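Work through the exercises below with the model open beside you. Each task is followed by a solution in steps.

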Number of protein chains: 2
Amino acid sequence: MVEINPIGYVRSVHSNVPNHWSISDLEADLVIEPEYTGGLASIQPGDRIVVIFEFHKSPPFTGDKLTQKPPHRDHKKGVFSICSPKRPNPLGLSVLEVLKVDGNVVTVSGIDMLDGTPILDIKPHITGRD
Amino acid sequence: MVEINPIGYVRSVHSNVPNHWSISDLEADLVIEPEYTGGLASIQPGDRIVVIFEFHKSPPFTGDKLTQKPPHRDHKKGVFSICSPKRPNPLGLSVLEVLKVDGNVVTVSGIDMLDGTPILDIKPHITGRD
């Protein structure tokens, strides 16, 4: 078992969010624990970042969720082919655009997470060999 | 605290791996726990998948690693701007190409993980709004 402690939380005023970052224009703050502020060095407005977070509202996973019908699809797909929050491990991933960095607070656009979502890691967005 | 149980492991013959998937042509197997085999439905050869894994060989994180000098760079960067395995939470992310799916084994290209690396999630690779 891997034990993960959040590095921060999402602070958002939005009670309804799109179900995927790729269709979201919403803004919110990533509030990072002060002890990790130094790790935000080099993150700048305009950067795209990968945020790994916990689907903290998801119920425990059950075998009947191994295949699920995504919204706007007409057939079921394997859970590892879709972005559903109901998955064996409650890990989410969003690619967000940085608008501002102020101390331990990163303001981003593209939010598809709920207020209070635990943030587990931030990584640079790397698209490939190019 | 979030408790994560691996959904499988990397099975690889390579003892030396590149330090990033974007520069790797190596092949290996993702061996998924049989109880999750159904979740692999819809994954096909040619697909690109996002694999979230544990940096299981990394030492516990210490504050002196908040900034690090990446290989081939001449100055330090914040840990959340780089892909270093030494991070507050030992989470890794690779984008891999599926070569074959055989039951609970997914053969992939682009491996930058070590043999025995715990796999925590597999997601579709989504590049953006397009």
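pLDDT is the predictor's confidence in each residue, on a scale from 0 to 100. The model used here is predicted.

**Exercise 1. Confidence**

Task: State what average pLDDT chain A has, and which scores the predictor gives the complex.

Solution. Start with the chain. Chain A averages a pLDDT of 93. In chain A, 98% of the residues score at least 70. Then take the complex. Its ipTM is 0.93 and its pTM is 0.94.

**Exercise 2. Fold and dimensions of chain A**

Task: Count the helices and strands of chain A, then compare its radius of gyration with the globule rule.

Solution. Step one is the count: chain A has 0 helices and 9 strands. Along the sequence the pattern reads β-β-β-β-β-β-β-β-β. Step two is the radius of gyration, which is 15 Å. The globule rule gives 14 Å for 130 residues. The two values are close, so chain A is as compact as a globular protein of that length. Step three is extent. The C-alpha trace of chain A spans about 45 × 35 × 30 Å along its principal axes. Step four is burial: 36% of the 130 residues in chain A are buried. Last come the contacts. Take those in chain A with a separation of 6 or more; residues 24 or more positions apart account for 69% of them.

**Exercise 3. Strand pairing around E3(A)**

Task: Find how many bridges join strand E3 of chain A to strand E2 and to strand E8.

Solution. Strand E3 of chain A covers residues 27–32, and strand E2 covers residues 8–11. They run antiparallel, with 4 bridges between them. Within this pair, Tyr9(A) has Val31(A) as its bridge partner. Now turn to strand E8, residues 105–109. E8(A) is joined to E3(A) by 5 bridges, again antiparallel. Here Ala28(A) is partnered by Val108(A).

**Exercise 4. One residue in chain B**

Task: Decide whether Ile32(B) is buried or exposed, and list its contacts beyond four places in sequence.

Solution. Locate the residue: Ile32(B) is in strand E3 of chain B, residues 27–32. Count its neighbours. There are 24 C-beta neighbours inside 10 Å. The cut-off for a buried residue is 20 or more. Ile32(B) therefore counts as buried. Beyond four places in sequence, its contacts are Ile7(B), Gly8(B), Thr37(B), Leu40(B), Asn104(B) and Val106(B). Take Asn104(B): 72 residues separate it from Ile32(B) in sequence, yet the C-alpha atoms are 5.2 Å apart.

**Exercise 5. Symmetry and interface**

Task: Identify what relation superposes chain A on chain B, and describe the side of chain A that touches chain B.

Solution. A rotation of 180° with 0.0 Å of shift along its axis superposes chain A on chain B, with an RMSD of 0.0 Å. That is the relation of a two-fold axis. Next, find the residue of chain A closest to this axis: Glu3(A), with its C-alpha at 2.5 Å.

Now the contacts. In chain A, 40 residues touch 40 residues of chain B. Strands E1, E4, E6, E7 and E9 of chain A each supply at least two residues of that side. E9(A) gives the most, with 6 residues. By type, the side divides into 23 nonpolar, 10 polar and 7 charged residues. Of the interface residues of chain A, 100% are also interface residues in chain B, so the copies meet through the same surface.

Finish with the pairing across the chains. E1(A) and E1(B), residues 2–4, run antiparallel and are joined by 3 bridges. Within this pair, Glu3(A) stands opposite Glu3(B).

How values were computed. Residues are numbered from 1 along each chain as its sequence is written. Chains are lettered from A and ligands numbered from 1 in the order in which they are written. This is a predicted model: local features need pLDDT of at least 70, side-chain atom pairs count only at pLDDT 80 or more; totals for chains, interfaces and linings use all residues. Copies are superposed by least squares on the C-alpha atoms of residues with pLDDT of at least 70 in both. Two residues are in contact if their C-beta atoms, placed from the backbone, lie within 7 Å. Ala, Val, Leu, Ile, Met, Phe, Trp, Tyr, Cys and Pro count as nonpolar, Asp, Glu, Lys and Arg as charged, and the others, Gly among them, as polar. Two strands pair if DSSP finds at least two bridges between them. A residue is buried if 20 or more other C-beta atoms lie within 10 Å of its own, exposed if 12 or fewer, and partly exposed in between; C-beta atoms are placed from the backbone. The radius of gyration is taken over C-alpha atoms; the globule rule is 2.2 Å times the number of residues to the power 0.38.
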